Amino acid sequence: LIALFNMSIAGFASVNTANAANHGARVGSVYQQHSSGAAYSAAMESISYAPVGDYQVSVSGGGFPGATILVTVNWSVPNYIAPIISFFGGSMGDLSGTSSATFRQEGW
């Protein structure tokens, strides 16, 4: 049951980061000025509703029509089965992963 709970939390964090990266990249793609700032703010706002885990957002690109905006969100959640594994001589850290999304900046 603990392992199932662990994987559920990791899956929840993974879906949240994928949605936040996608939302941030989409918002950044429609802004004509300060697109990377808008993408960062949108991704942070989207991920702020996640009750579990630590998240870091990074944005690169953008700045002119046609430029690619890349939003990357890293996640980390506690591993509740790690103490049990360490009891048997193994070691494990927190569960973590990365989600990213890319959009082209619109412009006219």
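A polar contact is a pair of N or O atoms within 3.5 Å; within protein, one atom must be able to donate a hydrogen and the other to accept it, and residues adjacent in sequence count only if both atoms are side-chain atoms. The structure described here is a predicted model, in which local features need pLDDT of at least 70 and side-chain atom pairs count only at pLDDT 80 or more, while totals for chains, interfaces and linings use all residues. Residues are numbered from 1 along each chain as its sequence is written, and side-chain values use heavy atoms, with hydrogens and water left out.

The chain contains 3 helices and 3 strands, which follow the pattern α-α-β-β-α-β along the sequence. These elements are DSSP runs numbered from the N terminus, with at least four residues (H or I) for a helix and at least two (E) for a strand. The radius of gyration is 17 Å, well over the 13 Å that the globule rule gives for 108 residues, so the chain is more spread out than a compact globule. The radius is taken over C-alpha atoms, and the rule is 2.2 Å times the number of residues to the power 0.38. Along its principal axes, the C-alpha trace spans about 60 × 20 × 15 Å.

Of the 108 residues, 32% are buried; buried means under 20% relative accessible area, exposed over 50%, and partly exposed in between (1.4 Å probe, protein chains only). Contact means heavy atoms within 4.5 Å. Among contacts between residues at least 6 apart in sequence, 63% join residues at least 24 apart.

The largest nonpolar core has 19 residues, of which Tyr55, Val71, Val73, Trp75 and Val77 touch the most other members. Such a core is a set of buried Ala, Val, Leu, Ile, Met, Phe, Trp, Tyr and Cys residues joined through side-chain atoms within 4.5 Å. At least two residues of this core come from each of H1, helix H2 (35–47), E1, E2 and strand E3 (95–104), and H1 gives the most, with 6 residues.

Tyrosine 55 lies in strand E1 (residues 54–61) and, at 14% relative accessibility, counts as buried. Its contacts beyond four places in sequence include Ala13, Asn16 and Thr17, as well as Val73 and Trp75. The side chain of tyrosine 55 also reaches the backbone oxygen of valine 52 at 2.6 Å. Valine 71 touches, among others, Ala21, Ala39, Val57 and Ser99, not counting residues up to four places away in sequence.

Serine 99, in strand E3, is buried with a relative accessible area of 10%. With residues up to four places away in sequence left aside, serine 99 touches Ser14, Thr17, Ala18, Ala21, Val71, Thr72 and Val73.

The structure holds 1 aromatic pair, formed by phenylalanine 5 and tyrosine 80, which is tilted, with 5.8 Å centre to centre and 40° between the planes. Rings of Phe, Tyr and Trp (its six-membered ring) pair if their centres lie within 6.5 Å; planes under 30 degrees apart count as stacked, over 60 as edge-to-face and the rest as tilted. Phenylalanine 5 lies in helix H1 (residues 2–30) and tyrosine 80 in the loop between strand E2 (68–77) and helix H3 (82–87), so the pair ties together parts that are 75 residues apart in sequence. Phenylalanine 5 is partly exposed, at 46% relative accessible area, and tyrosine 80 is partly exposed at 41%.
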